[in-house]
Amino acid sequence: FPALKEHVRANHRQGQFILSGSVRFTSRKAIRESLTGRISVVEILPFTCSEAEGKPLPSLLAKLTRVKKQRDLESVFQNTGPHSESTFKTLLVNGGLPGICFFRAPEVRADRWGTQLDTLLNRDLRLVHETTLPYQALRDLLEHLANRQGEPFELNEAVKATQISAITLKKILFAFEALFLIRRVRCAGDLKRDTFFLEDQGMASWIARRDLSTPADVTRGLYAHLRQELHYRPEWNGRISQFRTKHDVIVPLVFDAARAKVGIVSTLDSDLRPKTIATANAFLKKNPGFKCVIASATKEPVARSENLFVIPFTWLLRA
């Protein structure tokens with residue numbers, strides 16, 4: 001790195017080197033050079049369904065932010081391809097890691113995930129944090145997180161489930177983030193407890209032994225697919241969060257950017273419950289300027305008002 005620093009100082013052309021790695025650059029203890037002003041860091045996320053098919057970066061959230069009437073909502077989806085629950089399940093089961101997600105045989109994917117996890121937990125994690133914890137304890141923590149994606153993180157609950165001390169557990173969470181195994185999502189509203197999502201939902205499904213059976217699975221699938229829209233547009237200055245209140249108003253995904261302001265409530269119901277509608281309206285009351293999408297098992301998208309839309313969750317993969 002000192003040699004790179006000196007070379008770039010003397011040669012001012014941009015884009016001379018591409019350095020790739022599987023550990024967050026700033027977390028490596030062995031790297032003493034920050035290369036401030038000389039380097040741009042780009043975090044590459046797992047493939048979405050559209051990305052795996054070679055389609056351009058979608059702008060669904062931005063389009064939904066501009067919707068005001070039913071015909072506007074219908075126009076958002078008029079040129080999209082087929083929508084099916086099997087497509088959504090494929091996203092959850094296969095994930096988006098380029099070296100793994102394209103294998104059709106589940107036993108091959110399982111073998112690759114096992115090998116990757118072994119490398120990350122037995123070798124790469126030590127590049128970030130020295131620990132004597134055995135592989136199984138680290139894997140138990142990752143499984144605990146995989147089964148509780150989108151839920152407020154409870155430190156005491158994690159300590160009890162993994163038998164890892166609270167102090168050590170906090171350091172391991174930092175290491176997991178540095179290895180791009182998990183990503184923290186902040187919570188707004190009355191309840192400030194953060195949550196974690198695994199970076200790749202294929203690995204999450206494999207380690208947690210689940211696919212699509214609960215609204216939480218819909219949420220993690222939409223998180224995996226929709227976050228690229230903000231992540232790869234840094235000029236939007238966007239962020240992803242949750243909204244929770246002490247009155248049990250839970251909006252598990254909130255996308256907030258200059259051009260895209262959308263909260264998403266997930267359900268597997270085809271007939272919406274009054275509580276779901278009440279949650280969406282409570283979110284809109286507290287967050288003026290936002291749209292709220294109820295991602296459900298309905299058949300067609302419906303604009304219930306200027307700011308509240310009911311959309312089949314499978315359709316949100318294709319726009």
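The second largest pocket holds about 530 Å³ of space. Of the 19 residues that line this pocket, P215, I250, P252, V265 and S266 are the closest to its centre. Before I go on, this is a predicted model, where local features need pLDDT of at least 70, side-chain atom pairs count only at pLDDT 80 or more, and totals for chains, interfaces and linings use all residues. Residues are numbered from 1 along each chain as its sequence is written, and side-chain values use heavy atoms, with hydrogens and water left out.

A word on terms. On a 1 Å grid over the protein atoms alone, a pocket is an open set of points with protein on both sides within 12 Å along at least five of seven lines, a cavity is a set where a 1.4 Å probe fits but cannot get out, and lining residues have an atom within 4 Å of a point. Grid points are joined across faces, edges and corners, and a volume is the space filled by probe spheres set on the points.

α11 (215-226), β4 (250-256), β5 (261-266) and α13 (274-286) each give at least two residues to its lining. Helices (H or I, at least four residues) and strands (E, at least two) are DSSP runs, numbered from the N terminus. By class, the lining has six nonpolar, seven polar and six charged residues. Here Ala, Val, Leu, Ile, Met, Phe, Trp, Tyr, Cys and Pro count as nonpolar, Asp, Glu, Lys and Arg as charged, and the others, Gly among them, as polar.

Next, the largest pocket, with a volume of about 1500 Å³. It is lined by 46 residues, and L19, S20, G21, V41 and V42 are the closest to its centre. α1 and α6 (106-128) are the elements that give two or more residues to this lining, and α6 gives the most, with four. The lining divides into 25 nonpolar, 11 polar and 10 charged residues.

L19 sits in the loop between α1 (2-10) and α2 (49-52). Together with F1, F17, I39 and V41, L19 also makes a nonpolar surface patch of about 450 Å².

α10 (201-208) and α11 each supply at least two of the lining residues. Four are nonpolar, seven polar and three charged.

Last, the sheet. Eight strands form an open sheet with mixed pairing, in the order β2-β1-β3-β4-β5-β6-β8-β7. β2 (195-198) and β7 (302-303) stand at the edges with a single partner strand each, so one side of each has no neighbour in the sheet. Two strands pair if DSSP finds at least two bridges between them.

β1 (residues 182-189) pairs with β2 in the antiparallel sense over four bridges, and V185 stands opposite T195 in β2. β1 also pairs with β3 (residues 239-244), in the parallel sense, over four bridges. There, G189 stands opposite R244 in β3. β3 and β4 run antiparallel and are joined by five bridges. In β4, I250 is the bridge partner of R244, and I250 is also one of the residues closest to the centre of the second largest pocket. The hairpin of β3 and β4 has five residues between the strands, and D248 in that hairpin takes a positive phi near 70 degrees.

How values were computed:
Patch = residues over 30% accessible without salt bridge, like charges linked within 9 Å, V, L, I, M, F, W, Y side chains within 5 Å. Areas by Shrake-Rupley, 256 points an atom, 1.4 Å probe, with all protein chains shown as cover. Salt bridge = Lys/Arg side-chain N within 4 Å of Asp/Glu carboxyl O.
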